[in-house]
Amino acid sequence: MAKINRNYLKLPGSYLFSRIGQKVAEYQKAHPEAEIIRLGIGDVTRPIAPAVIAALDSAVKEMGEESTFRGYAPDLGYEFLRNAIAENDYRSRGCDISPDEIFVSDGAKCDCGNIQEIFGLDNVIAVCDPVYPVYVDSNVMAGRTGEFDSEADRYKGVVYMTCGKESAFVPELPEEVPDLIYLCFPNNPTGAVATKEQLQKFVDYANEHGSIILFDAAYESYISEPGIPHSIYECEGAKKCAIEFRSFSKTAGFTGLRLGFTVIPKELETDGEKLWPLWARRHGTKYNGAPYIIQRAGEAIYSEAGKEQVKQQIAYYMWNAGYIRDGLKEAGFEVYGGVNAPYIWLKTPGDMTSWEFFDELLDKANVVGTPGSGFGPGGEHYFRLTGFGSKENTVKAMERILKLYK
Ligand code: PLP
């Protein structure tokens, strides 16, 4: 008899967004006239920038000509894209990352979820609480969180680094030393950012204890304040202890096109082995590369026109985020985020749980958000709204929220 991977049975039954979808569908069925506005989504809504469309168009034409047709992409990704990334995202910011240290992929979710494969099952992982669920779930699937007898033990083996308002949603260094430390700044779901000093402390800690930092910078392009690090490699010594993930999804609306990359410095090693060749082997064996046309589309965001158009898209979402943030403050809410990230993290009124507030907002304002408790116990009594909707819907949703709570 074929046996299943029983680790999958340890995963929570219903993924956060499917539970939200189910609740919204039930509500809509019972109230067909309700005009529901979704501000819970982490998906973009603006169309792809013209410079990117032009690049896609010309790459599609190339694929139709015998002389310019391309088959499998090189394992690490096309050099034209890796050169553009290294130059624009790293070297121009003073980070010494070479194109050879960049692995192009179809997005950060796969890379964040798959990276744990190159590490032993006996590694202890540390994550922020609240947290983007992929980091924990992918380790549970691999069996890294061990056996459990009760619900309470489900994530035994994970070091949770509490991120509360007292520390502006940036974790303290963990007391129990983990082997792998997942960090994400600007943060999903809290919208918080870490200062250079705070990140440097983690880098020094990792180098002192031999831990590896897995740094998710998917929202790097939303940083608006000067002095906030865009990359972990802005910290001294990070090339000796950190892997970085980036995504074109939120930077340039590629959630449907799919493109991202992972940086593994050549010098990064642990347990007597370099990590670059391990990921290269994994990448080469299990992945056949992002499509040529999409890599050309990615290259286009680094052109002068592309940069300007993408900047405008980000400004559009950040206008929404600012509008939500200001409106909620006006209504008396305790609000965080929304300045260097498209996420607004608010404290639920009174003692309401995250799901109680979800139900109230859906029922009384027909607005959908994301309950904070879905991101871990530390998210209870918080709620996430996003700036990714349309301007019109954002304004309309805030009118309803202000009417209800102000
Ligand atoms: N990392 C974080 C923190 C995210 O919030 C998301 C998407 O919501 C991703 C990674 C996934 O990015 P991609 O679309 O490149 O897979």
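Visitor: Which elements do the buried residues of α9 pack against?

Guide: They pack against α2 (50-63), α3 (79-90), β2 and α10. This is a predicted model, in which local features need pLDDT of at least 70 and side-chain atom pairs count only at pLDDT 80 or more, while totals for chains, interfaces and linings use all residues. Residues are numbered from 1 along each chain as its sequence is written, and side-chain values use heavy atoms, with hydrogens and water left out.

Helices (H or I, at least four residues) and strands (E, at least two) are DSSP runs, numbered from the N terminus. Helix α9 spans residues 292-300, and its buried residues are Tyr292, Ile294, Gln295, Ala297, Gly298 and Ala300. Buried means under 20% relative accessible area and exposed over 50%, with partly exposed in between (1.4 Å probe, protein chains only). An α-helix has 3.6 residues a turn, so residues three or four places apart point the same way.

Gln313 counts as buried because its relative accessibility is 9%. Apart from neighbours within four places in sequence, Gln313 is in contact (heavy atoms within 4.5 Å) with Arg46, Pro47, Ile48, Ala49, Thr251, Ala252 and Gly253.

Strand β2 (residues 102-105), also packed against α9, is covered on both faces. Ile102 and Val104 are buried on one side, and Phe103 and Ser105 on the other. β2 pairs with strand β8 (residues 260-263) in the antiparallel sense, over four bridges; two strands pair if DSSP finds at least two bridges between them. In this pairing Ser105 stands opposite Gly260 of β8.

The ligand comes next. Helices α4 (108-114) and α7 (249-252) each supply at least two residues of the shell around the ligand. There are 14 residues around the ligand, and Ala108, Asp216, Tyr219, Ser247 and Ser249 come nearest; a residue is near a molecule if one of its heavy atoms lies within 4 Å of it. Polar contacts are pairs of N or O atoms within 3.5 Å. A polar side-chain atom of Tyr219 lies 2.6 Å from an oxygen atom of the ligand. For Ala108 a backbone N or O atom is 2.7 Å from a ligand oxygen, and for Lys250 a polar side-chain atom is 2.9 Å from a ligand oxygen. On its own the ligand has 390 Å² of accessible area, of which the protein covers 91%; such areas come from the Shrake-Rupley method with a 1.4 Å probe.

Some backbone geometry deserves a check. Most residues other than glycine have a negative phi, and most peptide bonds are trans. The peptide bond from Phe185 to Pro186 is cis, with omega near -10°, and another cis bond joins Asn188 and Pro189, with omega about 20°.

Asp271 is not a glycine, yet its phi is positive, about 55°. It lies in the loop between β9 (269-270) and β10 (273-274), and it counts as exposed because its relative accessibility is 75%. Asn366, also not a glycine, has a positive phi of about 55° and sits in the loop between α11 (354-365) and β13 (367-368). Asn366 counts as buried, because its relative accessibility is 15%. Leaving aside neighbours within four places in sequence, Asn366 is in contact with Tyr27, Ala34, Glu35, Ile36, Ile37, Leu361 and Arg400.

Lastly, an open sheet of four strands has the order β11-β12-β15-β14, with antiparallel pairing. β11 (335-337) and β14 (370-371) are at the edges with a single partner strand each, so one side of each is left without a neighbour in the sheet. β14 pairs with strand β15 (residues 382-386) in the antiparallel sense over two bridges, and the bridge partner of Thr370 in β15 is Arg384.

Key:
A polar contact is a pair of N or O atoms within 3.5 Å; within protein, one must be able to donate a hydrogen and the other to accept it, and residues adjacent in sequence count only if both atoms are side-chain atoms.
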